[in-house]
Amino acid sequence: MAPTKYVDRVVPTISLRDFNSRVDDITRELVNAAENVGFFCIVDHGISRATIDRIFDQSARFFNQDESVKARVPFSAKYNAGWEKNAQLRPSTGAVDRKESYQMQFGSGMDGRWLDEDTLPGFQQEALDFMHQTQRVSEKLMICFARGLNFDDDYFINAHDVSRQESQTVCRLLHYFETPQQPNPTGEVFHRAGAHADWDLLTLLFQKAGQSGLEICPGREVSTSFGYGDSWTKVEPDVEKNAIVCNVGDLLMSWSDDRFKSTFHRVKAPSEPHDYYGERYSIAFFNQPCRDAKIQGPLKKYPLVTGEEFTRNAMTRNYKAIQDKLQKEEEQHASAPESVRTVSAQA
Ligand SMILES: O=C(O)CCC(=O)C(=O)O
Ligand SMILES: [Fe+2]
């Protein structure tokens, strides 16, 4: 593989301190970041580092269970919840991400998908507490983006109400495996998370100290397929500042008539000398619209769709890209590639 081209880009850091009295300034900063980079870090958000460390401990507890235990709560594409391993196929790589993940929701999508209290005492409660705290931070961002688009303050909050049955919001625990440092004899590339854009409104990402790998390639600058030939920027974990890395998803891009940019990102397949090869834990909180939310930007650039339709369209798009890629490979090699197993319901 050709060496990755890197470029320094400023990923703005935005403080949510004194939110109520500073909401206009914060809105300006967020809007500017969303228009230009699509990524930003937030600090002074109110979730303590101790809370974040504890949820990472819970995540390790979950992933340390035997596979037979985790397999009791398998991923369901219908409910977009549960555990999966080496299963998320990416159109950008044509391969599965080398990771396991456990997706949690607030409501009935989790029926039968929590491990029982005997197996993981306290896990469900702590996970839900963390998810509610992250939801409250998300709601502050939603107020600002609603203001930026001249909607009422509670416009996005209502469309993402996690107390409703129609909620689709997901908290994804992620665990990437340690990667062999020696080039693999077969030349196999261990993709961690292939380049993609998320298809939610906003993603809030938590990282652990020293566990690098996240890279971005702002959407509007991408000129090659999935940003491969483009210049990437590393977004290192900033645990000192207790930063949460946030990005605009396809939903907010569409809902803003393309004013706010959904941005390509990836967790790089470690392959170059300074890459991080060790295991990586991260947590992504995807603000998904309620199934019956009505989605249309102020300029009505795109036809009105419901949250359910938007998610379905995003999945179809993703799936079609994979199908097209496989078809091309099939034509090139005149032999069928390994069959596609699952397409995760997330970007
Ligand atoms: O693990 C990470 O840092 C990024 C994960 C991600 O982009 C995703 O799951 O959509
Ligand atoms: Fe992502």
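Just after helix α4, Asn150 takes a positive phi of about 60°. The structure is a predicted model, and the values below are computed from it.

**Helix α4**

Helix α4 runs over residues 123–148. Its 26 residues reach 37 Å from the first C-alpha to the last, close to the 38 Å expected at 1.5 Å a residue. Buried positions in α4 include Ala127, Phe130, Met131, Thr134 and Gln135. Also buried in this helix are Ser138, Leu141, Met142, Ile143, Cys144, Phe145 and Ala146. An α-helix has 3.6 residues a turn, so residues three or four places apart point the same way.

**The sheet and its helices**

The protein has seven helices and 15 strands. Eight strands form an open sheet of mixed pairing, in the order β2-β3-β11-β8-β13-β6-β5-β4. Strands β2 (13–15) and β4 (82–85) stand at the edges with a single partner strand each, so one side of each has no neighbour in the sheet. From one strand to the next, the twist averages 25°.

Within the sheet, β3 (residues 39–43) and β11 (residues 244–248) run antiparallel and are joined by four bridges. Cys41 has Val245 in β11 as its bridge partner.

**Burial and contacts overall**

Of the 347 residues of the protein, 41% count as buried. Among contacts with a separation of 6 or more, 76% come from residues 24 or more positions apart.

**Glu178**

Glu178 lies in the loop between β6 and β7 (193–196). Is Glu178 buried or exposed? Glu178 counts as exposed because it has 12 C-beta neighbours inside 10 Å, and a residue is exposed at 12 or fewer. Leaving aside residues up to four places away in sequence, Glu178 touches Tyr277, Gly278 and Glu279. Between Glu178 and Val235 there are 57 residues of sequence separation and 20 Å in space, C-alpha to C-alpha.

Conventions
Residues numbered from 1 in each chain as written. Chains lettered and ligands numbered in written order. Predicted model: local features only at pLDDT ≥ 70, side-chain atom pairs only at ≥ 80, totals over all residues. Pairing = 2+ DSSP bridges. Helix = DSSP H or I, 4+ residues; strand = E, 2+ residues; numbered from the N terminus. Axes fitted to C-alpha atoms, helices over the stretch in contact; angles between N-to-C directions. Contact = placed C-beta atoms within 7 Å. Expected span 1.5 Å × (residues − 1). Buried ≥ 20, exposed ≤ 12 C-beta atoms within 10 Å, placed from the backbone.
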